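Work through these exercises with the model in view. Try each task before you read its solution.

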Amino acid sequence: MKIDYNERTFRKGAAAVAELDTGVQFIKGIGEQRAKALGKLGIVTLGDLIGWFPRRYDDRTACKPIAQLAPGETACVAAMIASPPTVSHIRKGMDLIKLRAVDATGVLDVTFFNQTWLKNQLCQGETYIFYGKAEGDLLRRRMVSPIVEAEGRRESTGRIVPIYPLTAGVSQLILSRSIRQGLSACAEILPDALPDEVRLSHHLCRINFAYENIHFPESAEALALARRRLAFEELFLFTIGLQRLRQSREIVHVPPCREVDMGAFYDALPFSLTKAQRRCVDEALCDMRSGVPMNRLCQGDVGSGKTMVAAACVYFSVKNHRQAALMAPTEILARQHYAGLSPLLEPLGIRCALLTGSTPAKEKRALAADLASGALPFIIGTHALITGSVEYADLGLVVTDEQHRFGVGQRAALAAKGVHPHTLVMSATPIPRTLALILYGDLDVSVIDELPPGRRPIETYTVPGSYHPRVYNFIRKQVTQGRQAYIVCPMVDESDEASDERKAVTAYAKMLQQEVFPDLKIAFVHGKMKPREKDAVMTAFANRETDILVSTTVIEVGVDVPNAAVMVVENAERFGLSQLHQLRGRVGRGAHQSYCVLISDNQNEETRARLKVMARTADGFQIAEEDLHLRGPGDFFGTRQHGLPGLKIADLGCDTKLLREAQSAAEALLARDVDLSSHPVTRERVAALFAQKADTLN
């Protein structure tokens with residue numbers, strides 16, 4: 001049934017009905033103002049609203065007697081208000097509401113800040129449920145600003161309560177009530193993307209039950225059934241979409257590249273490629289000879305030699321009389337690629353050039369003319385490669401470095417400069433193969449799983465904050481010997497939840513310069529700086545004009561400074577293992593012994609176990625597996641950036657078995673109905689999930 005979007009009232013009866021693409025402002029009980037707040041979360045339609053899944057749950061089904069509350073424990077208490085609430089005006093903008101509640105076992109003192117309306121809402125002699133953190137001692141318990149509601153209401157207590165991601169102006173209660181309204185509005189028309197035979201054969205609940213119990217679970221068992229159903233559906237649709245993307249790519253045909261004698265290229269290298277590098281080169285060249293556009297991911301640990309695989313592909317493409325382009329996310333990384341590749345390729349007769357935002361206008365025009373005429377076979381650069389004025393005579397190969405740092409549009413824009421060019425994307429972020437095959441399901445995956453011989457392992461240590469004096473002395477010793485050091489902090493300024501100056505890049509750099517290393521050259525860099533400012537700071541560090549670089553994770557990729565031998569990471573517990581491994585990879589790139597020091601005062605056992613993994617192994621793939629196991633995929637390397645949808649409810653760290661089930665079901669369905677013509681709801685949901693590539697899927 002179609003909805004008149006100008007009407008706020010839907011069909012009357014036992015339940016109002018609305019289409020999933022109805023704007024949330026038209027759902028009864030939401031309205032314009034609440035819809036505007038929800039829009040900050042990206043919740044625009046009814047479908048967005050009911051698909052806004054909780055990030056966790058609080059079990060508030062049981063109440064504890066006051067006497068059994070332990071200090072620091074968060075719990076529910078059913079207690080009667082023994083005296084009328086009182087209001088105290090402390091200062092301008094600060095009012096306290098105090099009351100005393102009792103049960104058969106003891107007394108609970110309750111305080112609220114700036115909630116004077118509660119004085120008339122809470123009545124002496126009535127029983128309420130208080131949910132909060134217990135404070136005080138065994139003789140006198142208290143709670144500060146707990147959640148409170150009348151006994152039996154069961155909206156915020158007395159049940160398993162979902163906890164949602166929020167934004168300013170949207171509370172848990174507002175969001176929960178909005179979702180309740182949304183589910184009531186569409187309960188009769190929720191489309192089921194799972195064919196009945198799939199749902200029944202995998203023992204999955206119906207879609208209405210799943211949505212109801214993911215948001216308002218009747219029990220822990222009902223929640224588990226709902227989550228399993230929705231996670232399976234997500235993985236099922238994801239798998240179908242990826243397989244259809246692959247199918248759509250394979251029907252495109254291009255003239256196959258001819259055989260090329262690669263001997264001259266290999267002989268020009270100052271070293272021998274590893275077996276893993278040769279395997280990856282062979283896989284890529286096989287793609288380019290196949291008559292189908294290559295679409296390959298070259299994945300390898302820091303320092304594994306991905307750039308040489310790219311260089312071999314460039315050589316092969318140019319010898320086939322087609323142009324090649326390599327795009328890097330930062331100017332400094334583009335310059336590093338140019339400095340490394342031009343001395344290798346130009347003696348082989350392949351002219352190289354560099355094009356970035358800072359290239360002078362006259363030089364840009366000359367390079368653009370040479371690209372358009374075909375006189376320039378290989379260009380290295382930043383997003384300047386995709387500006388409207390840059391055209392190519394015959395772009396046959398596109399190489400993207402640190403590909404997850406680019407948006408979908410940027411990579412697509414470069415590929416669009418040619419006619420179905422071969423594409424090689426490189427990533428130094430080690431990804432567990434299971435995750436790589438899912439998140440990169442529309443790519444073929446090559447893995448460089450060995451490092452060049454002779455690389456020294458980076459010595460890694462985990463120490464508490466009390467070691468700062470020793471760490472500073474060690475940095476000074478290394479700088480005295482001619483080395484350089486990075487110090488990484490997890491935030492930019494002191495507006496974050498923690499205010500220790502070591503956690504603030506600018507304040508920390510100032511403190512180091514004034515109090516610890518007044519005789520050394522210290523610089524800082526963070527993501528809020530303009531690109532040219534960042535490049536200038538990093539270039540100065542690479543040129544050894546700076547001794548110590550204090551930074552956020554902006555230096556995680558794109559910095560190659562062989563002289564840097566020390567990496568110190570403050571508050572290391574705030575980073576994922578894969579991110580820590582990337583940071584550690586900024587050192588150990590030269591001939592000198594390098595060190596990584598992870599500083600953390602966190603005593604959590606899981607956190608300590610994670611950091612011990614870093615000290616135990618340098619294998620990025622093993623670390624990635626541990627990271628996936630310990631914290632799930634999350635936004636493992638920015639899934640939103642590569643054009644595939646992120647997973648909203650499935651967890652590839654825990655749902656491996658469910659993933660295999662979903663893949664099997666998806667393959668079986670496509671074998672019976674390759675274009676999903678008999679399953680229009682499934683087809684529609686897949687296209688919606690892959691909205692940025694919907695034209696390909698429809």
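Predicted model: local features only at pLDDT ≥ 70, side-chain atom pairs only at ≥ 80, totals over all residues.

**Exercise 1. Explain how far apart Phe232 and Phe236 are along their helix, then classify their ring pair.**

Step 1. Helices (H or I, at least four residues) and strands (E, at least two) are DSSP runs, numbered from the N terminus.

Residues are numbered from 1 along each chain as its sequence is written, and side-chain values use heavy atoms, with hydrogens and water left out.

Step 2. Recall the rule. Rings of Phe, Tyr and Trp (its six-membered ring) pair if their centres lie within 6.5 Å; planes under 30 degrees apart count as stacked, over 60 as edge-to-face and the rest as tilted. This rule gives seven aromatic pairs. One of them is Phe232 with Phe236: the centres are 6.2 Å apart, the planes make 15°, and the pair is stacked.

Step 3. Check burial. Buried means under 20% relative accessible area, exposed over 50%, partly exposed in between (1.4 Å probe, protein chains only). Phe232 has a relative accessible area of 0%, so Phe232 is buried. Phe236 is also at 0% and counts as buried.

**Exercise 2. Classify the pair Phe474 and Tyr595, and say which parts it ties together.**

Step 1. Take the two values. The centres are 4.9 Å apart and the planes stand at 85°, so this pair is edge-to-face.

Step 2. Locate the partners. Phe474 is in helix α15 (residues 468-480), and Tyr595 is in strand β22 (residues 595-599). The pair therefore ties together parts 121 residues apart in sequence.

Step 3. Compare the accessibilities. Phe474 is partly exposed at 25%. Tyr595 is buried at 16%.

**Exercise 3. Find which residues have the most contacts inside the largest nonpolar core.**

Step 1. Define the core. It is a set of buried Ala, Val, Leu, Ile, Met, Phe, Trp, Tyr and Cys residues joined through side-chain atoms within 4.5 Å.

Step 2. Read off the answer. The largest core has 55 residues, and Leu49, Phe232 and Phe236 have the most contacts inside it.

Step 3. Trace the contributors. Elements giving two or more residues include α1 (31-39), α4 (172-186) and α21 (656-672). Helix α7 gives the most, with twelve residues.

Step 4. Look around Phe236. Contact means heavy atoms within 4.5 Å. Leaving aside neighbours within four places in sequence, Phe236 touches several residues, among them Leu194, Val198, Ala662 and Leu669.

Step 5. Note the second core. It is separate, has 44 residues and includes Phe265, Leu269, Leu285 and Leu397.

**Exercise 4. Which strands stand at the edges of the six-stranded sheet?**

Step 1. Write the order. The open sheet runs β17-β22-β21-β18-β20-β19, with parallel pairing. Two strands pair if DSSP finds at least two bridges between them.

Step 2. Find the ends. β17 (459-463) and β19 (522-525) each have a single partner strand, so one side of each is left without a neighbour in the sheet. The twist averages 15° from one strand to the next. Axes are lines fitted to C-alpha atoms, for helices over the stretch in contact, and angles run from 0 to 180 degrees between N-to-C directions.

Step 3. Follow β20 (residues 548-551). Four bridges join β19 to β20, and four join β18 to β20. Ile522 has Ile548 as its bridge partner in β20. Val550 in β20 stands opposite Ile487 and also opposite Phe524.

Step 4. Check the faces. In a regular strand the side chains alternate between the two faces of the sheet. In β20, Ile548 and Val550 are on one side, Leu549 and Ser551 are on the other, and all are buried.

Step 5. Helix α16 (residues 505-516) lies across β18 (484-488), β19 and β20, at about 180° to β19. Helix α18 (residues 577-584) touches β17, β18, β21 (564-569) and β22, and makes about 150° with β21.
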